[in-house]
Amino acid sequence: MNDGGSFSKRHGFRAENPPITIWEDAPKDFRYAVLQVAAEDCELSPSCLRDIICRVLRTQPDSSNWSEYPNIWGEVQSLFLRCDWYRVYDVIERIDADLLGPRRRASSRPGHNAERFESEVNQLMLEFGIGWKLEEGLVQARGEESFEAYLKSAEDALDEAEKPTALTELREAIADVSRRPTPDSSGAIQHAMAALECVAREVAGDPKPTLGKLIQRHAHLFPVPVDNAVEKLWGYASENARHGREGNAPSREEAILVVGIAATLVNYLIHKTEQD
C-alpha cells in the first residue's frame, strides 16, 4: 500500500494556485471533493456524514435509506450538493469538530484525521480559488499569500510583545471579515484600525488621542510620506466604517485591504520599538 500520496505529491508537481475569485459560493466540484476527503481520506462512513449534514441543515434523514452504499451515500451527496453555499462551510466546520471529538472512529489516531481533513480541504480551497481557509476548527477569510503572511506576522508580534488588547482587536477584525453569508466589513475595518491605534498609543506614550491626532503630534511614528498615507487611511476608516453612511458600506475587498495594511503597520511599529 502506498502511503506516500499521489505521484504529483511525491514528486512535488502542482499547478500554480489560481487567484481568489470565489467568496460567496461553493462550487459543485469542490463540494464533491470535500465529501471524498471526508469519506476516503478521513474514514467517515456515509451514515456518519449524513448525521453531520442533517444536524447542520436541520433536516431529517431519510429513514428508507439504510444501506451505506449506494443509498445513504447518495443521500449525503444530494443534501450536500444542493444546500446553500454558506452551509457547505458550516458542514466543513462540523466535520472537523467531529473528527477531533469523541465521534471519531476508534481505529483513528486522536486528531490525525482532523489534521488531514484540514490540510486537504485547505488545499482544495487554494486550487479552486476560494477565499476561505479552515484554521483551528473555523472557516475564516483568507487572502493572497502576502496578506496571510502579514496577518500571521502581526499576530505573532502582538503576542510576543504582550499586547492582548491590540491582538484581540486584530482577531476580531479577521472574524468580522469572515462572517457568513455576509461579512461585517465595517466592523472589520473598525477593529483593524483600533488595533493599530492601540499600538500607536503605546509606542508614542500618549494614551488618549485618536490615531489621526497621534500622527500629527508624533512625527516619529511613521516615516514620510507613509505618515500621510496612514492619516488618510484613518480618515477613510472614520468616514466609511466608524461613521458609516447609508448605502456606502465598505466591500469585503476594501475590508481585507484595510485589515492587511493595518496588520503590516502594527508589525512595523512593534519591530521599530524593539530596535529603538
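Q: What is the handedness of the crossing of α2 and α4?
A: In this predicted model, the crossing of α2 and α4 is right-handed. The contact is formed by K28, R31, Y32, V34, L35, Q36 and A39 on the α2 side, and by W73, V76, Q77, F80, L81 and R82 on the α4 side. By residue class, the contact of α2 with α4 comprises eight nonpolar, two polar and three charged residues.

Q: What makes R31 count as buried?
A: The cut-off for a buried residue is under 20% relative accessible area. R31 has 5% relative accessibility, and therefore counts as buried. This residue lies in helix α2. Not counting residues up to four places away in sequence, R31 touches A26, F80, L81, R82, C83, D84, W85 and V88. By contrast, R31 and G235, which are 204 residues apart in sequence, are 41 Å apart in space, C-alpha to C-alpha.

Q: Why is the pair of W23 and W132 called edge-to-face?
A: A search of the whole structure finds eight aromatic pairs. In the pair of W23 and W132, the ring centres are 5.7 Å apart and the planes stand at 80°. Ring centres must lie within 6.5 Å to form a pair, and planes over 60 degrees apart count as edge-to-face.

Q: What parts does the pair of W23 and W132 tie together?
A: W23 lies in the loop between α1 (7-11) and α2, whereas W132 belongs to strand β1 (residues 132-135). The pair therefore ties together parts that are 109 residues apart in sequence. Ring pairs also link W23, F30, W85, Y86, Y89, F128 and W132 into a cluster.

Q: How do you know whether W23 and W132 are buried or exposed?
A: The relative accessible area is 13% for W23 and 0% for W132. Both values are under 20%, the limit for buried residues. W23 is therefore buried, and W132 likewise counts as buried.

Q: Is E148 buried or exposed, and what makes it so?
A: E148 has a relative accessible area of 19%. Since buried means under 20%, E148 is classed as buried. The residue is located in helix α7 (residues 145-160). Leaving aside neighbours within four places in sequence, E148 is in contact with K133, A141, R142 and G143.

Q: What makes Q60 buried or exposed?
A: Q60 has a relative accessible area of 68%. Exposed means over 50%, so Q60 is exposed. Q60 is placed in the loop between α3 (46-57) and α4. The C-alpha atoms of Q60 and V226 are separated by 57 Å, the two residues being 166 residues apart along the chain.

Q: What share of the residues in the chain is buried?
A: Of the 276 residues in the chain, 47% are buried. The secondary structure of the chain comprises 12 helices and two strands.

Methods: Residues are numbered from 1 along each chain as its sequence is written. This is a predicted model: local features need pLDDT of at least 70, side-chain atom pairs count only at pLDDT 80 or more; totals for chains, interfaces and linings use all residues. Side-chain values use heavy atoms; hydrogens and water are left out. A crossing is left-handed if the near helix is turned anticlockwise from the far one by less than a right angle, and right-handed if clockwise. Helices (H or I, at least four residues) and strands (E, at least two) are DSSP runs, numbered from the N terminus. Contact means heavy atoms within 4.5 Å. Ala, Val, Leu, Ile, Met, Phe, Trp, Tyr, Cys and Pro count as nonpolar, Asp, Glu, Lys and Arg as charged, and the others, Gly among them, as polar. Buried means under 20% relative accessible area, exposed over 50%, partly exposed in between (1.4 Å probe, protein chains only). Rings of Phe, Tyr and Trp (its six-membered ring) pair if their centres lie within 6.5 Å; planes under 30 degrees apart count as stacked, over 60 as edge-to-face and the rest as tilted.
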